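Let's go through this one in questions and answers, setting values against their definitions.

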Amino acid sequence: MNTLTILQLSWPHILIVAVILLLLFGGKKIPELMRGFGSGIKEFKDAVKEEDKTTEVKKENPTTNSSNTTVN
């Protein structure tokens with residue numbers, strides 16, 4: 001069986017999940033949860049962008065430790 005066919009959700013499935021979430025968390029708590037989820041995604045994307053920038057800088061300016069060592 002193909003895993004993609006298992007994970008496909010139709011509108012009735014999404015509606016059922018939404019109703020269950022509404023019943024479990026209530027109408028006031030869901031916006032707070034989604035706000036937290038959104039800010040978490042934003043922080044993750046910012047961290048990935050920052051990591052990409054640092055790897056680009058390291059590729060452009062590689063440093064070696066052998067030329068900077070001192071012997072006492």
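This is a predicted model: local features need pLDDT of at least 70, side-chain atom pairs count only at pLDDT 80 or more; totals for chains, interfaces and linings use all residues.

Q: How many helices and strands does the protein chain have, and what makes a run count as one?
A: There are 3 helices and 0 strands, and along the sequence the pattern reads α-α-α. Helices (H or I, at least four residues) and strands (E, at least two) are DSSP runs, numbered from the N terminus.

Q: How do you know what span to expect for H2?
A: The expected span is 1.5 Å times one less than the number of residues. H2 has 15 residues and reaches 21 Å from first C-alpha to last, close to the 21 Å expected.

Q: Why is the contact between Glu 32 and Lys 29 called a salt bridge?
A: The term asks for a side-chain nitrogen of Lys or Arg within 4 Å of a carboxyl oxygen of Asp or Glu. For Glu 32 and Lys 29 the N to O distance is 3.6 Å, so the pair qualifies. The structure holds 1 salt bridge. Both residues lie in helix H3, 3 residues apart, about one turn of the helix. In general, an α-helix has 3.6 residues a turn, so residues three or four places apart point the same way.

Q: Why is Glu 32 called partly exposed?
A: Buried means under 20% relative accessible area, exposed over 50%, and partly exposed in between (1.4 Å probe, protein chains only). Glu 32 sits at 44%, so it counts as partly exposed. Lys 29, with 39%, is partly exposed too.

Q: What makes up the nonpolar patch on the surface?
A: Its members include Ile 16, Phe 25, Met 34 and Ile 41, and the patch has about 940 Å² of accessible area together. Helices H2 (11–25) and H3 (29–60) each give two or more residues, with the largest share, 6 residues, coming from H2. Patch residues need over 30% relative accessible area and no salt bridge; nonpolar side chains (Val, Leu, Ile, Met, Phe, Trp, Tyr) are joined within 5 Å, like charges within 9 Å. Ile 41, in helix H3, is partly exposed because its relative accessibility is 35%.

Q: Why does Asp 52 count as partly exposed?
A: Asp 52, in helix H3, has a relative accessible area of 41%, so it is partly exposed.

Note on methods:
Residues are numbered from 1 along each chain as its sequence is written. Side-chain values use heavy atoms; hydrogens and water are left out. Accessible areas come from the Shrake-Rupley method with a 1.4 Å probe; for residues, only the protein chains shown count as cover.
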